[in-house]
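Visitor: I would like a close look at a single part of this model, with the cut-offs spelled out.

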Amino acid sequence: MAGLALDGVNPDVGLLYDINGLARSAPAWFDRVMGFVGEYGIMLALVLVALWCWWSVRRSGTPGDSVAAVAALVWAPLAAGIALLINVPIRGFVERPRPFLDHQGLEVLVAGKTDFSFVSDHSTMAMAIGVGVFVAHRRFGFAAIGLALAEGFCRVYMGVHYPTDVIGGFALGTAVVLLLAPLAQALLTPLVSAVSRSGVAGRLVRSRRAATPEQQHEFLDIPEPGVRPGRNDLAA
């Protein structure tokens, strides 16, 4: 299985040389920046986008919307972790060497990559987070998916992955998020809803300033001031 892209006329290899060739003609400082961005920077940006999304959804919409959105945001990193675990046997089965081990003349921007190449962990994790954020909020999701695509480009630019490694990572991350989303939402939504009913921890889900008094009483199942529960309510 190691010979997925060893032929120099393979489009996968040709695209690898085309993208990585940009690194050879770029200034050294730019390659250092791209190496940092592709290894750490974009992943950090994805975390910041997810946090920004969380801050936004908990301050807008109905309490129910906030619970569903926060549950989706919690699912995003969990899905990324599951996708990485699934990738472990995939890598062991395919056993595809890193491209710089089989092809000469590549500009490798990050040293020390000795594990197998297919599927790209960075691309898998980035797209899982991107799609997870998209499930929670479309506008933030488009930004996160854009960052994930940039991560895939950087991995090829850096000379550490074939384009198909990146595409496989995108597919794996997306599949895990979407296929397991119904089960994850069914499990996480009641948990997040329970957290939202607590005191301090509830503010992680819903900003008290964002809800009207009527919404808060409806969401927390608390009778409004001056209204006593009726006999039927007590019997229930």
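In which helix is Glu151 found, and what surrounds this residue?

Guide: Glu151 is found in helix H6, which covers residues 138-157; helices here are DSSP runs (H or I, at least four residues), numbered from the N terminus. This is a predicted model, in which local features need pLDDT of at least 70 and side-chain atom pairs count only at pLDDT 80 or more, while totals for chains, interfaces and linings use all residues. Residues are numbered from 1 along each chain as its sequence is written, and side-chain values use heavy atoms, with hydrogens and water left out.

Glu151 is buried (under 20% relative accessible area, with a 1.4 Å probe and protein chains only), yet Glu151 has no salt bridge, a term that requires a side-chain nitrogen of Lys or Arg within 4 Å of a carboxyl oxygen of Asp or Glu. The nearest side chain of opposite charge is that of Arg155, 4.2 Å away; Lys and Arg count as positive and Asp and Glu as negative, whereas His and the chain ends are not counted. Leaving aside residues up to four places away in sequence, Glu151 touches Val37, Gly38, Ile42, Met43, His122 and Ala126, where contact means heavy atoms within 4.5 Å.

Arg155, for its part, meets Glu39 in a salt bridge, at 2.8 Å from N to O. That pair links distant parts of the chain, with Arg155 in helix H6 and Glu39 in helix H2, 116 residues apart. Arg155 counts as buried because its relative accessibility is 1%, and Glu39 likewise counts as buried, at 12% relative accessibility.

Terms used
Helices (H or I, at least four residues) and strands (E, at least two) are DSSP runs, numbered from the N terminus. Buried means under 20% relative accessible area, exposed over 50%, partly exposed in between (1.4 Å probe, protein chains only).
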